[in-house]
Amino acid sequence: MIGTKWTADIIRTMKARGAKIAALTAYDFPMTRLLDEAGIPLILVGDSLGMVVLGYPDTTHVTMTEMEHHVRAAARAKPRALLAADMPYRSYDTVPDALANAKRLAAAGAEAVKAEGGLDILEQVRAIVASGIPFLGHLGMLPQHVLEEGGYHIKGKTEPEHQRLLADAHALAKAGAFAVVLELVTPRVARELTQQVPIPTIGIGAGPDCDGQILVTPDLLGMLPWYNLKHVKPRLNAAEQMRAVVKDWKQGVETLKR
Ligand code: KIV
């Protein structure tokens, strides 16, 4: 795939080819460019932006204006990767809102949009897909529901949750989603969804058997030492390394002789 521009259609067909999808988040120009140069095919400007960049307690505070600002920055990297963007909290409550806000994100440079939900947002998904904007689903633990649900809970443990996930995933595929993120879904249910639905499943904390995996890049790089996440082992201790470099530089400045 060297030199190819990644599209939603190419990512959709990776499932049939048995090619695993490695996706990551980015929120600005340098991170998008670095991930792209590393060959990541799908980069998401996630609304995790709220916590990992903007310092909010959860994603429900992220606005359309903030998403547009960061999508524009990421899009300036002109990635070969497909650049997807999250539709923020309450930006897709109605079909007209979903369509207008998906178009705003596309105008800012998003090549696909993601929203949380299944059967409950199906009309919105159909309208977005019909407008020509590729749609990425998001099922399982839905971070935008954290306040109603009182925390981040694993999904698929009960039979009603299992059946609902199956119905939601099939409905999203039928409505034209090109792939679906499965967040904190039990590995058994994630495997079953992956076997049953025709579009790729991209897991986060959903076990090894999805068609791909996605992580919040600052979690992968160990940039947020204040949070302890069970589903990701940082591959770098960037926070510690940054502190050490900054301390060393500071000491150098403070001991400079004239
Ligand atoms: O907002 C985000 O970064 C996401 C990923 C966790 C999939 O939705």
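**Exercise 1. In which helix is the place of L105?** Describe also the surroundings of L105.

*Solution.* L105 has its place in helix α5, residues 95–108, where helices (H or I, at least four residues) and strands (E, at least two) are DSSP runs numbered from the N terminus. The model is a predicted one, in which local features need pLDDT of at least 70 and side-chain atom pairs count only at pLDDT 80 or more, while totals for chains, interfaces and linings use all residues. Residues are numbered from 1 along each chain as its sequence is written, and side-chain values use heavy atoms, with hydrogens and water left out. The next step is accessibility: L105 counts as buried because its relative accessibility is 0%, the classes being buried under 20% relative accessible area, exposed over 50% and partly exposed in between, with a 1.4 Å probe and protein chains only. For the surroundings, contact means heavy atoms within 4.5 Å; when residues up to four places away in sequence are not counted, L105 touches M64, M67, E68, V71, A85, D86, M87, A110 and V113. Finally, the C-alpha atoms of L105 and I133 are separated by 9.9 Å, the two residues being 28 apart along the chain.

**Exercise 2. How many salt bridges does a search of the whole structure find?** Work through the pairs R164 and D168, K250 and E254, and D93 and R90.

*Solution.* Side chains of opposite charge can pair when their charged atoms come close. With a salt bridge taken as a side-chain nitrogen of Lys or Arg within 4 Å of a carboxyl oxygen of Asp or Glu, the search finds 13.

- In helix α8, R164 and D168 meet in a salt bridge at 3.0 Å, N to O; they are separated by about one helical turn because they lie four residues apart in that helix. R164 is partly exposed at 40% relative accessible area, whereas D168 is buried at 7%.
- K250 and E254 form a salt bridge whose closest N and O atoms are 3.1 Å apart, and both lie in helix α11 (residues 238–254), four residues and about one turn apart. K250 is partly exposed at 45%, while E254 is exposed at 54%.
- D93 forms a salt bridge with R90, with 2.8 Å between the closest N and O atoms. D93 counts as partly exposed at 42% relative accessibility, and R90 counts as exposed at 53%.

**Exercise 3. Which residue's backbone oxygen does the side chain of K15 reach?**

*Solution.* K15 is placed in helix α1, residues 8–17. The side chain of K15 reaches the backbone oxygen of V197 at 3.0 Å. Leaving aside neighbours within four places in sequence, the contacts of K15 are T194, V197, P198, I199, P200 and D211.

Notes: A polar contact is a pair of N or O atoms within 3.5 Å; within protein, one must be able to donate a hydrogen and the other to accept it, and residues adjacent in sequence count only if both atoms are side-chain atoms.
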